[in-house]
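Hi there,

I am passing a structure on to you, and I hope you enjoy looking through it. Please open it first; my notes follow just below.

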Amino acid sequence: MNNHEIDFKLYGDDMQFVEVELDPQETVIAEAGSLMMMDDAIRMETIFGDGAASSGGLMGKLLGAGKRVLTGESLFMTAFTNEGSGKKHVSFASPYPGKIIPLDLSTIDGKLICQKDAFLAAAKGVSIGIEFQRKIGTGFFGGEGFIMQKLEGDGMAFVHAGGTIHKKELGPGEVLRLDTGCLVAMTGGIDYNIEMVGGIKTAMFGGEGLFLATLRGPGTVWVQSLPFSRLASRVFSAMPRNGGSKGEGSAASNLFDILGGDR
């Protein structure tokens, strides 16, 4: 094993957090801002890059940090190390309603490709890199752009997604089509492409967007029922406008809102 062997326990249902148990000198790395609580013997250190065991010196650390910038993340990550004499615990919380997915990378050939903001925490030694989508259509219309996150190693990693999570096993040549924002993660053997919705009327007025993701097996896919972008869009549409409160007003009040009139 090149990664630290960490134990964990999940708590909660819709707003989960993961409690990681560390033996003496074991380390877990996490996104900045994801810490919920930790025992007193845990040392917290800000690090460059992904915290992989073999960083390759200063240049390797700079390259690792640069990869994170390309995926839209911070230059820095946080490492939590147990410097006590017994088992200690550190917990990380979900950033929004959804589920935390624990993944043992050694059981999926050591590689997972996920959306850019899905990574939450991992055992020290897991490498967090980038995965370029080589197809032009996937890059421009895939919802995740040309770049997705790539987790590599043989340890535990934790990713987060919104709503309910569905794990789908695809056989050789089996195809799954889904909304581009609903893709959470997939194993390295999945062929990922983007296809335009058929029919002009469906594309323009169907309300589902112009493009769908097409995944071809063999491999495993994790799908989320509530992408954060969809949640944020609904919250934004419900926000009060012009400094007023948006409630269950009268029919006349709602009519004035629609017509843009003054009250």
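Two strands are counted as paired here if DSSP finds at least two bridges between them. Strands β3 (residues 27-31) and β6 (residues 76-82) are joined by five bridges and run antiparallel. Within this pair, threonine 27 sits opposite threonine 81 of β6. Please keep in mind that this is a predicted model.

The sheet

Which strands make up the sheet around this pair, and in what order? It is an open sheet of six strands, ordered β5-β6-β3-β10-β13-β8, with antiparallel pairing. The edges are taken by β5 (42-48) and β8 (98-104); each has a single partner strand, so one side of each has no neighbour in the sheet. From one strand to the next, the twist averages 20°.

The cores

In soluble globular proteins, nonpolar side chains tend to be buried together. Here the largest nonpolar core has 22 residues. Ile29, Leu105, Leu112, Leu151, Val159 and Trp222 have the most contacts inside this core. Two or more residues each come from β6, β8, β9 (111-114), β10 (119-123), β13 (156-162) and β16 (183-187). Strand β13 gives the largest share, three residues.

Best wishes

Technical notes: Residues are numbered from 1 along each chain as its sequence is written. This is a predicted model: local features need pLDDT of at least 70, side-chain atom pairs count only at pLDDT 80 or more; totals for chains, interfaces and linings use all residues. Side-chain values use heavy atoms; hydrogens and water are left out. Helices (H or I, at least four residues) and strands (E, at least two) are DSSP runs, numbered from the N terminus. Axes are lines fitted to C-alpha atoms, for helices over the stretch in contact, and angles run from 0 to 180 degrees between N-to-C directions. A nonpolar core is a set of buried Ala, Val, Leu, Ile, Met, Phe, Trp, Tyr and Cys residues joined through side-chain atoms within 4.5 Å. Buried means under 20% relative accessible area, exposed over 50%, partly exposed in between (1.4 Å probe, protein chains only).
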